[in-house]
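Student: I would like to learn how to read helix packing and helix faces. Please take me through a case.

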Amino acid sequence: SRQFIGQLCSGIRQAHVLLVATLRPEDEGDDLRRALQELGRQEHVYAIDLEPLTASETRSMVSSCFLREGFTPELYDVLHRRSQGVPFVVVQHLEALRQDGALHEDRGLWVNRRLRETDMPASVRDAILKRIGGLPPEDRALLNLAAVQGDSFEGVLIARLLAEPLNPVL
(Lines give C-alpha, C1' and ligand atoms only; values in the text may rest on other atoms or scores of the structure.)
Protein backbone atom coordinates (compact mmCIF):
# COMPACT_ATOMS: atom_id res chain seq x y z
CA SER A 1 0.00 0.00 0.00
CA ARG A 2 2.79 2.43 0.89
CA GLN A 3 4.61 1.75 -2.38
CA PHE A 4 1.42 2.18 -4.37
CA ILE A 5 0.58 5.48 -2.67
CA GLY A 6 4.15 6.71 -3.17
CA GLN A 7 4.10 5.84 -6.88
CA LEU A 8 0.66 7.30 -7.33
CA CYS A 9 1.60 10.57 -5.61
CA SER A 10 4.73 11.00 -7.70
CA GLY A 11 2.90 10.13 -10.93
CA ILE A 12 -0.13 12.40 -10.63
CA ARG A 13 1.42 15.81 -10.07
CA GLN A 14 -0.48 17.34 -12.99
CA ALA A 15 -3.73 15.44 -12.53
CA HIS A 16 -6.72 16.64 -10.53
CA VAL A 17 -6.97 13.71 -8.15
CA LEU A 18 -7.80 13.48 -4.50
CA LEU A 19 -6.43 10.47 -2.68
CA VAL A 20 -7.42 9.96 0.92
CA ALA A 21 -5.51 7.45 3.00
CA THR A 22 -6.12 6.77 6.66
CA LEU A 23 -3.76 5.53 9.31
CA ARG A 24 -4.17 4.82 12.97
CA PRO A 25 -1.26 6.16 15.05
CA GLU A 26 -0.70 2.75 16.65
CA ASP A 27 -0.18 1.25 13.17
CA GLU A 28 2.83 3.45 12.47
CA GLY A 29 5.96 1.34 12.17
CA ASP A 30 9.43 2.66 11.23
CA ASP A 31 8.93 1.82 7.54
CA LEU A 32 5.58 3.54 7.44
CA ARG A 33 6.87 6.58 9.33
CA ARG A 34 9.69 6.98 6.78
CA ALA A 35 7.28 6.56 3.85
CA LEU A 36 4.95 9.22 5.30
CA GLN A 37 7.86 11.61 5.87
CA GLU A 38 8.95 11.08 2.25
CA LEU A 39 5.41 11.74 0.97
CA GLY A 40 5.12 14.79 3.23
CA ARG A 41 8.09 16.41 1.47
CA GLN A 42 6.10 16.61 -1.76
CA GLU A 43 4.35 19.95 -2.18
CA HIS A 44 1.00 18.49 -3.18
CA VAL A 45 0.68 16.07 -0.25
CA TYR A 46 -1.00 17.15 2.96
CA ALA A 47 -1.34 15.25 6.21
CA ILE A 48 -4.22 16.10 8.49
CA ASP A 49 -4.35 14.74 12.01
CA LEU A 50 -7.95 14.19 12.99
CA GLU A 51 -9.23 14.46 16.52
CA PRO A 52 -12.23 12.48 17.77
CA LEU A 53 -15.61 14.08 17.18
CA THR A 54 -17.07 16.21 19.95
CA ALA A 55 -20.54 15.41 21.29
CA SER A 56 -21.97 18.14 19.05
CA GLU A 57 -20.10 16.85 15.99
CA THR A 58 -21.28 13.31 16.72
CA ARG A 59 -24.85 14.59 16.87
CA SER A 60 -24.42 16.42 13.54
CA MET A 61 -22.95 13.33 11.93
CA VAL A 62 -25.79 11.12 13.14
CA SER A 63 -28.40 13.65 11.98
CA SER A 64 -26.79 13.85 8.55
CA CYS A 65 -27.27 10.09 8.07
CA PHE A 66 -31.07 10.36 8.09
CA LEU A 67 -33.46 12.44 5.98
CA ARG A 68 -35.72 13.13 8.97
CA GLU A 69 -34.99 12.03 12.51
CA GLY A 70 -36.47 12.48 15.93
CA PHE A 71 -33.90 10.72 18.07
CA THR A 72 -33.77 11.20 21.82
CA PRO A 73 -30.89 13.09 23.46
CA GLU A 74 -30.06 9.78 25.19
CA LEU A 75 -29.25 8.19 21.82
CA TYR A 76 -26.75 10.91 20.94
CA ASP A 77 -25.14 10.72 24.38
CA VAL A 78 -24.83 6.92 24.22
CA LEU A 79 -23.42 7.00 20.67
CA HIS A 80 -20.83 9.62 21.57
CA ARG A 81 -19.82 7.84 24.78
CA ARG A 82 -19.56 4.40 23.18
CA SER A 83 -17.78 5.60 20.05
CA GLN A 84 -15.49 8.04 21.88
CA GLY A 85 -15.97 10.29 18.86
CA VAL A 86 -14.61 7.83 16.28
CA PRO A 87 -16.77 8.22 13.14
CA PHE A 88 -16.31 4.60 12.01
CA VAL A 89 -17.62 3.36 15.36
CA VAL A 90 -20.56 5.80 15.24
CA VAL A 91 -21.60 4.41 11.84
CA GLN A 92 -21.16 0.81 12.99
CA HIS A 93 -23.37 1.49 16.01
CA LEU A 94 -26.03 3.18 13.87
CA GLU A 95 -26.12 0.26 11.45
CA ALA A 96 -26.31 -2.31 14.24
CA LEU A 97 -29.07 -0.36 16.01
CA ARG A 98 -31.00 -0.10 12.75
CA GLN A 99 -30.65 -3.83 12.08
CA ASP A 100 -31.76 -4.67 15.63
CA GLY A 101 -34.82 -2.43 15.33
CA ALA A 102 -33.60 0.02 17.97
CA LEU A 103 -33.73 2.65 15.20
CA HIS A 104 -36.76 2.48 12.97
CA GLU A 105 -38.75 4.63 10.61
CA ASP A 106 -42.20 5.71 11.70
CA ARG A 107 -44.20 7.57 9.01
CA GLY A 108 -41.06 8.99 7.43
CA LEU A 109 -39.39 9.95 10.72
CA TRP A 110 -36.49 7.92 12.13
CA VAL A 111 -36.88 7.33 15.87
CA ASN A 112 -35.23 5.18 18.51
CA ARG A 113 -36.37 2.91 21.27
CA ARG A 114 -34.72 2.97 24.68
CA LEU A 115 -31.23 1.49 24.34
CA ARG A 116 -29.85 -1.46 26.25
CA GLU A 117 -26.27 -1.44 27.49
CA THR A 118 -25.66 -4.64 25.50
CA ASP A 119 -26.39 -2.97 22.13
CA MET A 120 -22.90 -3.14 20.58
CA PRO A 121 -22.30 -4.08 16.96
CA ALA A 122 -20.38 -7.28 16.32
CA SER A 123 -18.14 -5.50 13.77
CA VAL A 124 -16.84 -3.12 16.45
CA ARG A 125 -16.45 -5.95 18.96
CA ASP A 126 -14.58 -8.02 16.34
CA ALA A 127 -12.26 -5.10 15.52
CA ILE A 128 -11.48 -4.63 19.21
CA LEU A 129 -10.84 -8.35 19.71
CA LYS A 130 -8.53 -8.41 16.67
CA ARG A 131 -6.48 -5.53 18.08
CA ILE A 132 -6.33 -7.10 21.53
CA GLY A 133 -5.29 -10.42 19.97
CA GLY A 134 -2.28 -8.72 18.38
CA LEU A 135 -0.96 -7.40 21.69
CA PRO A 136 1.90 -9.07 23.54
CA PRO A 137 0.75 -11.38 26.38
CA GLU A 138 1.87 -8.95 29.10
CA ASP A 139 -0.20 -6.13 27.56
CA ARG A 140 -3.24 -8.41 27.29
CA ALA A 141 -2.86 -9.31 30.98
CA LEU A 142 -2.75 -5.62 31.88
CA LEU A 143 -5.78 -4.91 29.69
CA ASN A 144 -7.74 -7.77 31.25
CA LEU A 145 -7.16 -6.37 34.73
CA ALA A 146 -7.90 -2.79 33.66
CA ALA A 147 -11.12 -3.81 31.87
CA VAL A 148 -12.62 -4.98 35.14
CA GLN A 149 -12.61 -1.33 36.28
CA GLY A 150 -14.43 -0.04 33.18
CA ASP A 151 -13.55 2.73 30.72
CA SER A 152 -10.83 4.15 32.97
CA PHE A 153 -8.66 2.42 35.54
CA GLU A 154 -6.38 3.07 38.48
CA GLY A 155 -2.81 2.44 37.41
CA VAL A 156 -1.65 1.97 41.00
CA LEU A 157 -4.03 -0.93 41.55
CA ILE A 158 -3.10 -2.62 38.26
CA ALA A 159 0.63 -2.18 39.00
CA ARG A 160 0.15 -3.83 42.39
CA LEU A 161 -1.80 -6.73 40.91
CA LEU A 162 0.88 -7.27 38.25
CA ALA A 163 3.73 -6.63 40.71
CA GLU A 164 5.13 -4.13 38.19
CA PRO A 165 6.39 -0.55 38.59
CA LEU A 166 3.70 2.10 38.05
CA ASN A 167 5.27 3.97 35.10
CA PRO A 168 5.46 0.99 32.69
CA VAL A 169 1.88 0.04 33.61
CA LEU A 170 0.65 3.55 32.83
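Tutor: This is a predicted model. Start with helix α8, whose buried residues pack against α7 (137-147) and α9 (166-169).

Student: Which residues of helix α8 (residues 155-162) are buried?

Tutor: They are G155, I158 and A159.

Student: Why do the buried residues of α8 line one face of the helix?

Tutor: The general idea is spacing. An α-helix has 3.6 residues a turn, so residues three or four places apart point the same way. In this case, looking down the axis of α8, the buried residues lie within an arc of 100°, so they line one face.

Student: Which residues are exposed on the other side of α8?

Tutor: R160 and L161 are exposed there. Just after α8 comes A163, with a positive phi of about 55°.

Student: Now a helix pair. At what angle do α3 and α4 pack, and how far apart are their axes?

Tutor: Helix α3 (residues 55-64) and helix α4 (residues 73-83) pack at about 115°, and their axes are 9 Å apart. Angles of 65 to 115 degrees count as roughly perpendicular, and α3 and α4 are therefore roughly perpendicular to each other.

Student: Is the crossing of α3 and α4 left-handed or right-handed?

Tutor: The crossing of these two helices, α3 and α4, is right-handed.

Student: Which residues meet there, and how do they divide by type?

Tutor: From α3, A55, T58, R59, V62 and S63 meet Y76, L79 and H80 of α4. The contact of α3 with α4 comprises 4 nonpolar, 3 polar and 1 charged residues.

Technical notes. Residues are numbered from 1 along each chain as its sequence is written. This is a predicted model: local features need pLDDT of at least 70, side-chain atom pairs count only at pLDDT 80 or more; totals for chains, interfaces and linings use all residues. Side-chain values use heavy atoms; hydrogens and water are left out. Axes are lines fitted to C-alpha atoms, for helices over the stretch in contact, and angles run from 0 to 180 degrees between N-to-C directions. Helices (H or I, at least four residues) and strands (E, at least two) are DSSP runs, numbered from the N terminus. Angles under 35 degrees count as roughly parallel, over 145 as roughly antiparallel, 65 to 115 as roughly perpendicular and the rest as oblique. A crossing is left-handed if the near helix is turned anticlockwise from the far one by less than a right angle, and right-handed if clockwise. Contact means heavy atoms within 4.5 Å. Ala, Val, Leu, Ile, Met, Phe, Trp, Tyr, Cys and Pro count as nonpolar, Asp, Glu, Lys and Arg as charged, and the others, Gly among them, as polar. Buried means under 20% relative accessible area, exposed over 50%, partly exposed in between (1.4 Å probe, protein chains only). The arc is that of the directions from the helix axis to the C-beta atoms.
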